[in-house]
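Subject: Structure for you to look through

Hello,

I am handing over the structure we spoke about, and below it I have written out what was found in it. Please keep the model open while you read, so that each part can be followed by eye.

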Amino acid sequence: MTPRTPPKSPAPHRVVALLQPPQSAFPLACASEVFGDHGPAVPARYAFEVCTEHPGPVRTGAGYDLLVTSGLDALDRADTVLVPGGQAPAGTEVPSAVVEAVRRAHSRGARVVGLCSGAFVLASAGLLDGRRAATHWAQAAELSARFPRVRVDPAVLYVDHGDIATSAGSAAGVDLCLHLVRVDQGAAYAMRIARQMVMPPHREGCQLQYAELPASAPVADSLAPLLEWLDGRLDRPVSVTEMAARSQVSARTLNRRFTEQLGISPGRWLLDRRIAATRALLEETDLPVETIARRVGLSSAVNLRRRFNEALRTTPAAYRRTFRADRHRPVG
């Protein structure tokens with residue numbers, strides 16, 4: 001690898017989380033873990049803060065209160081407004097002041113993100129009208145019924161429209177937040193955060209948010225050993241037959257396990273990893289595309305460009321220009 005000299009750092013991207021009582025602790029923790037301080041190992045490119053309609057103690061569903069000192073005016077200085085899901089009863093109306101503040105932030109150009117039931121706030125503000133959206137599968141029917149103009153997709157992990165993004169529940173919030181980091185800062189920086197969080201390789205938004213697992217899946221069915229083995233062999237072609245032989249199962253059984261546990265095929269998973277490795281090399285090195293293609297197992301520059309364009313709708317050269325190191329803080 002041929003690292004470039006890192007230039008002067010830009011101002012951090014300000015993420016403001018809008019809390020609503022009773023606030024669910026987990027989606028808030030997901031957001032703060034991704035956008036918060038990671039110490040010296042990962043240079044800060046985000047500034048994370050929280051706000052609420054009525055500053056003071058905010059009740060959570062975890063048995064404790066959060067002391068929030070900023071009001072809705074904090075959204076006026078946010079680059080990203082993030083609404084982590086709450087635990088309000090079904091049918092609860094979003095306060096008009098919150099709706100107006102979210103609309104105002106979006107109108108001036110802030111990105112607005114809803115994690116889990118946070119999608120109800122975005123829908124109340126009219127930001128999801130005519131758009132596809134995700135939420136926790138158990139709340140998808142309610143979201144559709146209350147907001148018929150929203151195209152609710154109950155299966156996917158997350159949906160990103162650029163200015164608006166929504167995710168399913170629980171860990172899908174981490175998937176969306178890391179996806180947004182990749183969009184903002186590039187794949188290499190997002191990988192550093194994921195490693196710091198001890199997270200597995202990222203999942204694309206189109207993957208299933210829930211799996212039809214057997215009633216009692218044995219530990220031996222886990223794909224983890226195979227995925228680790230594949231991660232170390234990205235520089236060479238690996239067929240589904242080879243993967244199946246490595247796992248000591250048939251190709252049909254392997255395909256079924258990938259569908260059950262990851263929601264995608266073995267070939268799609270491996271291609272996603274190759275594209276992620278390509279992005280990191282384009283961002284952090286000046287290696288020619290032909291060399292990168294060999295390093296990530298895509299055989300040739302022609303094949304890499306085709307696969308890259310199919311995945312990201314851009315060329316490797318354009319991607320490299322967008323995410324050159326001089327747009328970001330030093331990586332380390």
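Contact here means that heavy atoms lie within 4.5 Å, and helices (H or I, at least four residues) and strands (E, at least two) are DSSP runs, numbered from the N terminus. Please keep in mind that this is a predicted model, in which local features need pLDDT of at least 70 and side-chain atom pairs count only at pLDDT 80 or more, while totals for chains, interfaces and linings use all residues. Residues are numbered from 1 along each chain as its sequence is written, and side-chain values use heavy atoms, with hydrogens and water left out.

The whole protein

There are 13 helices and 10 strands in the protein. Of its 332 residues, 47% are buried, where buried means under 20% relative accessible area, exposed over 50%, and partly exposed in between (1.4 Å probe, protein chains only). Among contacts between residues at least 6 apart in sequence, 69% join residues at least 24 apart.

The sheet

Six strands form an open sheet with mixed pairing, in the order β2-β1-β5-β6-β10-β9; two strands pair if DSSP finds at least two bridges between them. Because β2 (46-52) and β9 (158-160) stand at the edges with a single partner strand each, one side of each is left without a neighbour in the sheet. From one strand to the next, the twist averages 15°; axes are lines fitted to C-alpha atoms, for helices over the stretch in contact, and angles run from 0 to 180 degrees between N-to-C directions.

Strand β5 (residues 80-84) runs parallel to β6 (residues 111-115) and is joined to it by 5 bridges, with Pro 84 opposite Leu 115 in β6. β6 in turn pairs with β10 in the parallel sense over 4 bridges, and there Val 112 stands opposite Ile 164. By contrast, β9 and β10 run antiparallel and are joined by 3 bridges, with Asp 160 opposite Ala 165. The hairpin of these two strands has 3 residues between them, and in it Gly 162 takes a positive phi near 95°.

In a regular strand the side chains alternate between the two faces of the sheet.

Helix α5 and its partners

Two packed helices are described by the angle between their axes and the distance between the axes. For α1 (residues 25-35) and α5 (residues 172-185), the axes come within 9 Å and cross at roughly 25°, which means that α1 is roughly parallel to α5 (angles under 35 degrees count as roughly parallel, over 145 as roughly antiparallel, 65 to 115 as roughly perpendicular and the rest as oblique). In this contact Cys 30, Ala 31, Val 34 and Phe 35 of α1 meet Val 174, Cys 177, Leu 178, Leu 180 and Val 181 of α5. By class, the contact has 9 nonpolar, no polar and no charged residues, where Ala, Val, Leu, Ile, Met, Phe, Trp, Tyr, Cys and Pro count as nonpolar, Asp, Glu, Lys and Arg as charged, and the others, Gly among them, as polar.

The axes of α5 and α6 (residues 187-196) come within 7 Å and cross at roughly 145°. Here Leu 178, Val 181, Arg 182 and Gln 185 in α5 meet Ala 187, Tyr 189, Ala 190, Ile 193 and Ala 194 in α6, and these residues divide into 7 nonpolar, 1 polar and 1 charged.
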